[in-house]
Amino acid sequence: MNIEKLKYPIGKFTAPTNITKEIVEEYILDIQAFPERLKKEIKMLSEAQLDTVYRPGGWTIRQLVNHCADSHMNSLIRFKLALTEDNPTIKPYFEDRWAELIDSKNIDIEPALLILEGLHARWSLLLQSLSIEELKRTFIHPETNETISLEENIGIYAWHCNHHLAHIIFLKSTMNWR
């Protein structure tokens, strides 16, 4: 399999031209279900399996789980900034560097799973409460200077959840792990 398919097993995110209420609801369901789906995929993995990279040059499953906790915490903060400020510029972070820190590489994954469980419960509640006007609120990502709406960002993070689940599922399938 080529490296691009290993990096993006479900493809890259593409926002629909018209993001409907129904599409947003599906995105929110993906975000809401992520912690349980993730736990289901990793619950039987050994420590050695958690320390296996999902692709050459990629992260271990342990790093990937911790990355999701880090990324989703940042995303919730970005949502709250966009809901309480006018088109704020968000703070980017070096996710690759964060993944190399001790709390991503050398720790039991249970704390990250607990973070994801609580975070997604709060995040889902917030997302479900948003009005059509609130979904149109935006923030600026300084790395691309792009203005991103909350409805699009919900899609990006639904994709993010499914993207990283696909990494784990593919690795488990390739390695014949049950």
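**View 1. Asn 87 in the loop between H4 and helix H5 (95-98).** In this predicted model, where local features need pLDDT of at least 70, side-chain atom pairs count only at pLDDT 80 or more, and totals for chains, interfaces and linings use all residues, the loop between H4 and helix H5 (95-98) holds Asn 87. Residues are numbered from 1 along each chain as its sequence is written, and side-chain values use heavy atoms, with hydrogens and water left out. Helices (H or I, at least four residues) and strands (E, at least two) are DSSP runs, numbered from the N terminus. Asn 87 has a phi near 45 degrees, which is a positive value in a residue other than glycine. With a relative accessible area of 31%, Asn 87 is partly exposed, a class lying between buried (under 20% relative accessible area) and exposed (over 50%), judged with a 1.4 Å probe on protein chains only.

**View 2. The hairpin of S1 and S2, with Asn 145 between the strands.** Strand S1 (residues 138-141) and strand S2 (residues 146-149) pair in the antiparallel sense over four bridges, where pairing requires that DSSP finds at least two bridges between the two strands. Phe 139 has Ile 148 in S2 as its bridge partner. Four residues lie between the strands of this hairpin, and Asn 145, in the loop between S1 and S2, has a positive phi of about 60 degrees although it is not a glycine. Asn 145 counts as exposed because its relative accessibility is 63%.

**View 3. His 67 in helix H4 (residues 61-84).** His 67 counts as buried, at 3% relative accessibility. Leaving aside residues up to four places away in sequence, His 67 touches Trp 59, Tyr 93, Glu 95, His 160 and His 164, contact meaning heavy atoms within 4.5 Å.

**View 4. The crossing of H2 and H9.** The axes of helix H2 (residues 21-42) and helix H9 (residues 150-175) come within 9 Å and cross at roughly 25 degrees; axes are lines fitted to C-alpha atoms, for helices over the stretch in contact, and angles run from 0 to 180 degrees between N-to-C directions. H2 and H9 are therefore roughly parallel to each other, a description used for angles under 35 degrees. Among the residues of H2 that meet H9 are Tyr 27, Ile 31 and Phe 34, while those on the H9 side include Ile 154, Tyr 157 and Leu 165.

Key
Parallel < 35°, antiparallel > 145°, perpendicular 65-115°, else oblique. Left-handed = near helix turned anticlockwise from the far one by under 90°.
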